[in-house]
Amino acid sequence: MLTIDGLTVRLGGRPILERASAAIPHGARVGLIGRNGAGKSTLMKALIGEIEPDDGTIGKPSKARLGYIAQEAPSGDVTPEEVVLAADTERAALLEEAETCTDPHRLGDVHERLLAIDAYSAPARAAKILSGLGFDEAMQRQPLDSFSGGWKMRVALGALLFSQPDILLLDEPSNHLDLEATLWLENFLKSYPATLLVISHERDLLNKVVDHILHLQGGQLTLYSGGYDAFEKQRAERAAQLAAAKANQDAQRARLADYVARNSARASTAKQAQSRAKMLAKMQPIAALMEDPSLSFDFPSPEELRSPMITLDSAAVGYAEDKPVLRRLGLRIDADDRIALLGRNGNGKTTLARLIAGQLAPQEGAMNASGKLKVGYFTQYQVEELSSDATPLELMTRAMEGKPPAAVRGQLGRFGFSGNRATALVETLSGGERARLALALITRDAPHLLILDEPTNHLDVDAREALIQALNAYAGAVILISHDRHMVELTADRLVLVDGGTAKPYDGSMEDYIDFVLGRNQPKSDAAAKPAKAANANSAKSRAQARFLRSELAKAEKVMAKLQAECTEIDRAMYEPANAVRHLADMAMSDLLVQRAKVADKLAAAEAAWLDLGEQLETTEAG
């Protein structure tokens, strides 16, 4: 068992953990979650001994091996295969000893131990892990220094997984992975044979892999049973209980304060009043679970633009004089499109995004775009390149040169930067706040098209949900590259697969794509690899119909989410006009009521269609 008892950690005089305690059962798979800046990585560093606690203890079995990825990625002339194999230090030491040992008895013991730890199958196991993380056979034998930092971190992750520590600690392991590698990692961790503690904001991973949630909030730890959905339900119940307890306590405080005020001056009741005043002073306030008011994404609505906004006609794109990365591109982007680009890292998703954003010109064919088109393009580089010694207000003022201060403040306020947060130095902002600031900057001109390349890497689970809601309420088009399939499933209406040097529509659902990826990453038996020539034609037709219905069901759910978001925005305009989007805030109440009724009718129709599709799918799968 891994125990955390009364742990206190202060950084720069500020308490990060305050007498935090938890007991993690042996063999548990635990998801460590909390808002950005809550102290999750600090706790990890305390567990591995990188940070000395100010108070409290950490206990673990005496011989347990702790595994954690170092901050510095491996480098040099060694290959990924060599790095991963070297992670099993016992195997490496025994093989070296076997080469030099002259004592036949000792040599026998060495070979016996090598057999016991399955040392001779190690190269195959290492290759399987690296393949799952995206390294083909040739890449596994290239020197590390030929790879980017993100790929080097994949090697470090592969080495850690290969070493199979007794307690595996992972801090946002999917940040450097594409969707395909994320799916493989999730599948790998499902069957991890020892204790796992993973910091993750991936809702799907937290639901499919972990069996406990360790929630870090306000310096305290609370352990919940089950995955993330179970945690959310328990947290909601706990919030309701706390709210009720707080209401009762507030009433009691009010009664005590009233008694003290009325009776302190009277000699006959002064003693009782003094007693109640002490009781009031000792009463610890119950903190209600409040939503973070700075958690805000509100994309400005663009002017209407006729479809298609962009068309690609037999286009090819690449870099400088190099041969094209992608060819034969035929794509149409309409004003209300929601497109997710699928495919492994290195296949050209970002290259296609840069072509659509106008950062690359087509090398062949043509790209036609509306002359009035405005594009907002988000990448991780923008987050990393924000001036650390500037404030959000200064950066937005430069970006919106010539615009009145109220407009600058208004754009910052859409993304939660009001009051003191607008004048805080960027270097003091969390990763999630920097991502929100970058999104605020790229949408300052109300773009017609948003291109988001891995927008969730620095966002916690709650922030990701807020971003999904904002994207569904956004009136423009969206092109999304993300390894967060929960976000893809809830925002994208169209899937485009970038593979084999081109990009083509993917007709299946995300569920179909996940099955395809996992099937490709898992070993197949000879029987499974053979075409199912004897398959029943009716059965094949039923499966195709079920896939179609699942796809239509997913589309219906997105329509419902979008309409619900519209209802919420209209309600906000009616009851909180100061916080409403501009085009709704300017509408009269009577017009808002008419608009609300129209959207509600559409929502009711969408819900009816969704229910009908669900019944059809149930009938198809049952038959």
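**A pair of packed helices and their surroundings**

Modeller: In this predicted model, the axes of helix 6, which covers residues 149–163, and helix 7, which covers residues 179–190, come within 13 Å and cross at roughly 15 degrees. Since angles under 35 degrees count as roughly parallel, helix 6 and helix 7 are therefore roughly parallel to each other. The crossing in which helix 6 passes helix 7 is left-handed. On the side of helix 6 the contact is made by Arg154, Leu157 and Leu161, and on the side of helix 7 by Ala181, Trp184, Leu185, Phe188 and Leu189. Sorted by class, the residues in this contact are seven nonpolar and one charged, with no polar residue taking part.

Gln164 is placed in the loop between helix 6 and strand 6, the latter covering 167–171, and phi of Gln164 is near 45 degrees, a positive value in a residue other than glycine. Most residues other than glycine have a negative phi, and most peptide bonds are trans. Gln164 counts as partly exposed because its relative accessibility is 41%.

A positive phi is also found at Arg19, where the angle is near 50 degrees, again in a residue other than glycine. Arg19, however, lies in a strand, namely strand 2, which covers residues 14–24, and with a relative accessibility of 54% Arg19 therefore counts as exposed. A further backbone feature concerns a peptide bond: the one from Ser307 to Pro308 is cis, with omega near -5 degrees. Pro308 belongs to the loop between helix 10 (270–282) and strand 10 (310–317).

Arg338 is placed in strand 12, which covers residues 338–342, and because its relative accessible area is 4%, Arg338 is buried. Arg338 and Ile479 are 141 residues apart in sequence, yet their C-alpha atoms are 6.1 Å apart in space. If neighbours within four places in sequence are left aside, the residues in contact with Arg338 are Leu471, Asn472, Tyr474, Gly476, Ala477, Val478, Thr491, Ala492, Asp493, Arg494 and Lys562.

Arg414 lies in helix 14, which covers residues 405–414, and at 11% relative accessibility Arg414 therefore counts as buried, the cut-off for that class being under 20% relative accessible area. With neighbours within four places in sequence again left aside, Arg414 is in contact with Ser296, Phe297, Asp298, Phe299, Pro300, Val581 and Arg582.

Among the contacts between residues at least 6 apart in sequence, 70% join residues at least 24 apart. The accessible surface of the protein comes to about 31300 Å², and carbon and sulfur atoms account for 50% of that surface.

To return to the part you asked about, helix 6 and helix 7 form a left-handed crossing at roughly 15 degrees, and their contact has seven nonpolar residues and one charged residue.

Technical notes:
Residues are numbered from 1 along each chain as its sequence is written. This is a predicted model: local features need pLDDT of at least 70, side-chain atom pairs count only at pLDDT 80 or more; totals for chains, interfaces and linings use all residues. Side-chain values use heavy atoms; hydrogens and water are left out. Axes are lines fitted to C-alpha atoms, for helices over the stretch in contact, and angles run from 0 to 180 degrees between N-to-C directions. Helices (H or I, at least four residues) and strands (E, at least two) are DSSP runs, numbered from the N terminus. Angles under 35 degrees count as roughly parallel, over 145 as roughly antiparallel, 65 to 115 as roughly perpendicular and the rest as oblique. A crossing is left-handed if the near helix is turned anticlockwise from the far one by less than a right angle, and right-handed if clockwise. Contact means heavy atoms within 4.5 Å. Ala, Val, Leu, Ile, Met, Phe, Trp, Tyr, Cys and Pro count as nonpolar, Asp, Glu, Lys and Arg as charged, and the others, Gly among them, as polar. Buried means under 20% relative accessible area, exposed over 50%, partly exposed in between (1.4 Å probe, protein chains only). Accessible areas come from the Shrake-Rupley method with a 1.4 Å probe; for residues, only the protein chains shown count as cover.
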